[in-house]
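Dear colleague,

Please find the structure below.

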Amino acid sequence: MTDITIRKAEGTWVVRAGGAVLGESKNVLELSEGNADPVIYFPREDIAMAFLDESDKQAEDVAKGTANFFSIVTKSTTLENAAWSYDAPSETAARIKGHLAFSTGEKLAVERV
């Protein structure tokens, strides 16, 4: 099993989809796992959940638990399974409970501002 490190990310972070700001937070967590790029997790209360639709997709992760996925609905498109959350994370990843992470790409950005 790879080592997981979770720490508070400094500064203010924003997530944008299709040009719209979905959330902004000073309370994000950065999860580092092995050699993978760190992943930013936003507290749910800092995200406009009205733009997210829970999907049927789930993924099991040995280190973190079961991820539940969300699609993001923007004015022009729906980004399928572009966000995920661990509702009952493992003990190692307990700090990310109640947080969301996002698949960044052409139409979805997570940035420190």
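Phe-42 and Phe-102 are both buried, where buried means under 20% relative accessible area, exposed over 50% and partly exposed in between (1.4 Å probe, protein chains only). The model is a predicted one: local features need pLDDT of at least 70, side-chain atom pairs count only at pLDDT 80 or more, and totals for chains, interfaces and linings use all residues. Residues are numbered from 1 along each chain as its sequence is written, and side-chain values use heavy atoms, with hydrogens and water left out.

Two aromatic pairs were found in a search of the whole structure. Rings of Phe, Tyr and Trp (its six-membered ring) pair if their centres lie within 6.5 Å; planes under 30 degrees apart count as stacked, over 60 as edge-to-face and the rest as tilted. Phe-42 and Phe-102 form an edge-to-face pair, 5.9 Å centre to centre with 80° between the planes. The pair of Phe-69 and Trp-84 is tilted, at 6.2 Å centre to centre and 40° between the planes. Phe-69 counts as buried at 10% relative accessibility, and Trp-84 is buried with a relative accessible area of 14%.

The charged end of Lys-57 sits over the ring of Phe-69, 4.5 Å from its centre; this requires NZ of Lys or CZ of Arg within 6 Å of the ring centre and within 35 degrees of the ring normal.

Yours sincerely
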